[in-house]
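Here is a short report on one protein chain. Keep the sequence and the 3D view open as you read.

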Amino acid sequence: MKRRGLLKSIGLLSAGVAFSENLYAQKAFSNKSVRIAHITDTHIQPHIGAAKGFEKCLHNIQSLESPCDFIINGGDAIMGMHGASENSISKQWELYNGILKSENTLPIYNCLGNHDIYRKNKSIQSFNEGKKEALDQITLVKSYYAFEVLNWKIIVLDSIQPTAEGKGYQGKIDDEQLDWLKNELIIAPKDKYILIVSHIPILSACVFLDGKNFKNGEWRVPETWMHGDAEDLVELFAKHPNIKLAISGHIHLNDRIEYNQVTYCCNGAVSGNWWMGSYKQTKPGYAVIDLFEDGTFTNKYVVYS
């Protein structure tokens, strides 16, 4: 398969990403842009055609007339929790990783989703153990990291944090990650543009329509649907005008909003309505993102089936 050269400079091992040395070719891009396929919410499970659907999506990505340089997986690779047994979780990961090995030739950068974290019980210890197991499956040393392509810096966040006593999850970044993020933004040169990746949307419009959320004269959006620390992050981003784009998944809906010169795109779901067709008006799909040398970009949602 012909495609453009992959990565100009990475340094991913220090950033917390494990990968085979021969996976990435250290070549300069032939064009003044980089093309990314943003897949999210594949929710792989061993029934209802999920594996075949994921294969079809990967084939579609790799058959684009203008090829992608790499894939960003936005999280929820597997169906995961919902009362599944530990044995079932292992089979889901085996299926997911097997499909990538047999049907995909592109490098892939992973982001952690809430369904990726299997908990044996409702405790912080079990939550952390589940997160560690998920990171092992997607070959991440750390749940958040950054890397560079052309004159863009891509920052991958970990949106999934335990609630008090680990009984559930909440959309936010923890204090240690926030300090790291602030430093990454400070050290980024002003002429280097920034793309933020998170599983849960930092800022979104479609979350208001994901269910009957207008009750008793008020809109109510849980922090499991959108970052509870959105206001703090938006204020932080306003201090760094080189932040251009923030992408997410989680809601299985497709939207695009602009606020304070930052564009936020919630890029649907590969699985659509958990492999049962469209979810509301959003068909199963993925986003093709082009990052250009001058800081401009495009984010287009592609329906593959």
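## Thr282 and its surroundings

Leaving aside neighbours within four places in sequence, Thr282 is in contact with His252, Leu253, Asn254, Gly268 and Tyr301. Contact here means heavy atoms within 4.5 Å. The side chain of Thr282 also reaches the backbone nitrogen of Asn254, at 3.2 Å. That is a polar contact, meaning a pair of N or O atoms within 3.5 Å; within protein, one must be able to donate a hydrogen and the other to accept it, and residues adjacent in sequence count only if both atoms are side-chain atoms.

Thr282 sits in the loop between β13 (262-267) and β14 (285-292). Its relative accessibility is 9%, so Thr282 counts as buried. The cut-offs are under 20% relative accessible area for buried, over 50% for exposed, and partly exposed in between (1.4 Å probe, protein chains only).

## Basis of the model and overall make-up

This is a predicted model: local features need pLDDT of at least 70, side-chain atom pairs count only at pLDDT 80 or more, and totals for chains, interfaces and linings use all residues. Residues are numbered from 1 along each chain as its sequence is written, and side-chain values use heavy atoms, with hydrogens and water left out.

The chain has 6 helices and 15 strands. Helices (H or I, at least four residues) and strands (E, at least two) are DSSP runs, numbered from the N terminus. Of the 305 residues, 56% count as buried. Take the contacts between residues at least 6 apart in sequence: 70% of them join residues at least 24 apart.

## Asn273 in the β13-β14 loop

Asn273 also lies in the loop between β13 and β14. Is Asn273 buried, exposed or partly exposed? With a relative accessible area of 30%, Asn273 is partly exposed. Beyond its neighbours within four places in sequence, Asn273 is in contact with Ser278 and Tyr279. Asn273 and His252 are 21 residues apart in sequence, yet 7.2 Å apart in space, C-alpha to C-alpha.

His250 is placed in the loop between β11 (243-248) and β12 (254-259). Gln261 is placed in the loop between β12 and β13.

His250 is buried, with a relative accessible area of 12%. Gln261 counts as exposed, at 72% relative accessibility.

## Helices α5 and α6

How do α5 and α6 lie relative to each other? The axes of α5 (residues 175-187) and α6 (residues 230-238) come within 11 Å and cross at roughly 15°. The two helices are therefore roughly parallel. Axes are lines fitted to C-alpha atoms, for helices over the stretch in contact, and angles run from 0 to 180 degrees between N-to-C directions. Angles under 35 degrees count as roughly parallel, over 145 as roughly antiparallel, 65 to 115 as roughly perpendicular and the rest as oblique.

α5 passes α6 in a right-handed crossing. A crossing is right-handed if the near helix is turned clockwise from the far one by less than a right angle, and left-handed if anticlockwise. Leu178, Leu181, Lys182 and Leu185 of α5 meet Leu233, Leu236 and Phe237 of α6. By class, this contact has 6 nonpolar, no polar and 1 charged residues. Ala, Val, Leu, Ile, Met, Phe, Trp, Tyr, Cys and Pro count as nonpolar, Asp, Glu, Lys and Arg as charged, and the others, Gly among them, as polar.

Trp180 is also found in α5. At 18% relative accessibility, Trp180 counts as buried. Not counting residues up to four places away in sequence, Trp180 touches Tyr144, Tyr145, Ala146, Ile155, Val156 and Leu157.

The axes of α2 (residues 50-62) and α3 (residues 86-103) come within 10 Å and cross at roughly 35°. This crossing of α2 past α3 is right-handed. The contact involves Ala51, Phe54, Glu55, Leu58, His59 and Gln62 of α2, and Leu95, Tyr96, Ile99, Leu100 and Glu103 of α3. By class, it has 7 nonpolar, 2 polar and 2 charged residues.

Ile44 lies in the loop between β1 (33-39) and α2. Ile44 is buried, with a relative accessible area of 0%. Outside four places in sequence, its contacts include Ala51, Phe54, Leu95, Tyr96 and Ile99. Ile44 and Trp274 are 230 residues apart in sequence and 8.9 Å apart in space, C-alpha to C-alpha.
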